[in-house]
Amino acid sequence: MPIDVTEPGSPGWWFDRLLRRLADRRAHYDRLDAYYDGRVGPPVPAAKSISQAYQRLMRVSRTNFAELVVEAVQERMEVIGFRTGAAGDDLGDQEAMRIWQANSLPADSSLVHTASLSMGMSYVIVGPVDEEIGAPVITPEDPREVIVETDPVRRRKPVAALKVFRDDAAGVDRAYVFVPGQLWRAVRAAPDAGADPFDPASSVPVMDATSWDWESAQLLPFEMVPVVGFPNRPKLNRQVTRGEFEAHLPLLDRINYTVLQRVEIATLQAFRQRALRGGPTHDEHGNEIDYDDIFESDPGAIWHIPETAELWESGQVDLGPVRQAIRDDVQDLAAVTRTPLYYLIPDSSSGSAEGAALAREGLVFKARSRIAEASEAWRQVMSLAFLMAGDEERANRAALEVIWAKPERWSLSERADAAAKAMAGGLSRREALRTVWQFTPTQIEQIEADLAAEALMAQGAEAMATLVTGSGTGTPGEQPAG
């Protein structure tokens, strides 16, 4: 069925609107992803005159600091549980964790965080209950395939969403259009096999809505859009989100360019240049002298030169200032991204303990900010999942809380010392296990079960000793006095 894009607010109108916006953003996300993957080299214009050897130098000059800036934050963003209105236990809701684990999110949630931190946005789509996993389907999504339009008043409330992707196996392009309470599916034949469907040079670009047909429509179990955005560093302008290193791309380019200069110098100076000064150009017979044959590089070769001739040899360029310039730029990158320098330069960890603690503090504050932003999105995801499962009590977002691992990372000795002091000061054992030892709710449950089993065994051993001694205080076999 052809798609009508003229009626405002209709699924076809939303499809056409979101399709064009998605196509406009794709190049921006591609560029940031290329920096994260280390596929962007020094900012040298690609001209035909550049030799293949020089292009190889450009490739080996890529230094991927963007990935380290992202991973320094991502590795401190770990969801370890949820609390809902149906579970007052402070260790978390087991049903929420069952859904989380059924969707492999203990591992795949990092994909959502990484895409958000690197490209500035990522998405999650919540689907109906899958009989195979026994839970609603929750899928991480790439911002180059998914886009959401939010309410102009409530910036986190989606009013429409779109996912577009190429189904290579079927040889078609597919689109899912989400409006409140409905899911519309569209399809078209893929015009260029293997080509990027978002390429405007394609014979029929994907943003041309008139080339699509409606395939089917489906009612959702609630009047909501089950697509959630994970914006990174959003601004009050709801259209603007930023990757962790996006504002510092010129600095990353400068680092790569200086590395290229160092590689160029090292390559050109790998062999010293030699020259003959004052030597004749022709022999006694008037023939031109071929010095390439005379100065043959051979262990057994003997060079015969005129007495008045002088050999000259070039000196080596000092790479120390170039290397220091690179290090200075990396230090600037660490400062502006609040990334501890030891992430970027491993041998920089030799500073004072106080300096290292201050460096970590900036990273912890940044991680806490990103965790707060992602918490709202994960609450929305889990609420939608419970609605898909028909559990309205747990779907109450006001009572839903995400439990994160602490972004601070302490050594075992630091934790043991802090836990002993905290419990001596009146802190409960469970609270010490959670906040000081930083155990997950599952680990705390196992520890408490083990402690209870050990206490029961100790009571049994004491009771047995009492039976054997008759009083529990004498030596085994001793009878009480008559």
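Analyst: A residue is called buried under 20% relative accessible area, exposed over 50% and partly exposed in between, with a 1.4 Å probe and protein chains only. The model is predicted: local features need pLDDT of at least 70 and side-chain atom pairs count only at pLDDT 80 or more, while totals for chains, interfaces and linings use all residues. Residues are numbered from 1 along each chain as its sequence is written, and side-chain values use heavy atoms, leaving out hydrogens and water.

The sheet is open and has three strands in the order β3-β2-β9, with antiparallel pairing. Its edges are β3 and β9 (227-229), each of which pairs on one side only. On average, neighbouring strands of this sheet are turned by 25 degrees against each other, direction ignored; the axes are lines fitted to C-alpha atoms, and angles run from 0 to 180 degrees between N-to-C directions. Strands are DSSP runs of E with at least two residues, helices are runs of H or I with at least four, and both are numbered from the N terminus. Two strands pair if DSSP finds at least two bridges between them.

Strand β2 (residues 123-130) and strand β3 (residues 135-141) run antiparallel and are joined by six bridges. Within this pairing, I125 has T139 of β3 as its bridge partner. The two strands form a hairpin with four residues between them, and G134 in the turn has a positive phi of about 70 degrees. The pairing of β2 with β9 is also antiparallel and covers three bridges. Here Y123 stands opposite G229 in β9.

The chain around this sheet has 13 helices and 12 strands in its secondary structure. It has 482 residues, of which 40% are buried. Its accessible surface is about 26,300 Å², with 53% belonging to carbon and sulfur atoms; the areas come from the Shrake-Rupley method with a 1.4 Å probe, and for residues only the protein chains shown count as cover. A contact means heavy atoms within 4.5 Å. Of the contacts in the chain with a separation of 6 or more, 67% are between residues 24 or more positions apart.

For the helix, take α8 (residues 320-337). Its 18 residues should span 26 Å at 1.5 Å a residue, and this agrees with the 26 Å between its end C-alpha atoms; the expected span is 1.5 Å times one less than the number of residues. The buried residues of α8 are V322, I326, D329, V330, L333, A334 and T337. Viewed down the axis of α8, they fall within an arc of 145 degrees, so they line one face of the helix; the arc is that of the directions from the helix axis to the C-beta atoms. P321 and A335 are exposed on the other side of α8. Just after the helix, R338 takes a positive phi of about 55 degrees.

Two single residues complete the context. V364 is found in helix α10 (residues 353-388) and counts as buried because its relative accessibility is 9%. Beyond residues up to four places away in sequence, V364 touches R76, P407 and E408. Its C-alpha atom is separated by 9.3 Å from that of R409, 45 residues apart along the chain. R174 lies in strand β6 (residues 172-179) and is buried, with a relative accessible area of 18%. Leaving aside neighbours within four places in sequence, the contacts of R174 include K163, F165, D167, W212 and E215. The C-alpha atoms of R174 and R188 are separated by 6.8 Å, with the two residues 14 apart along the chain.
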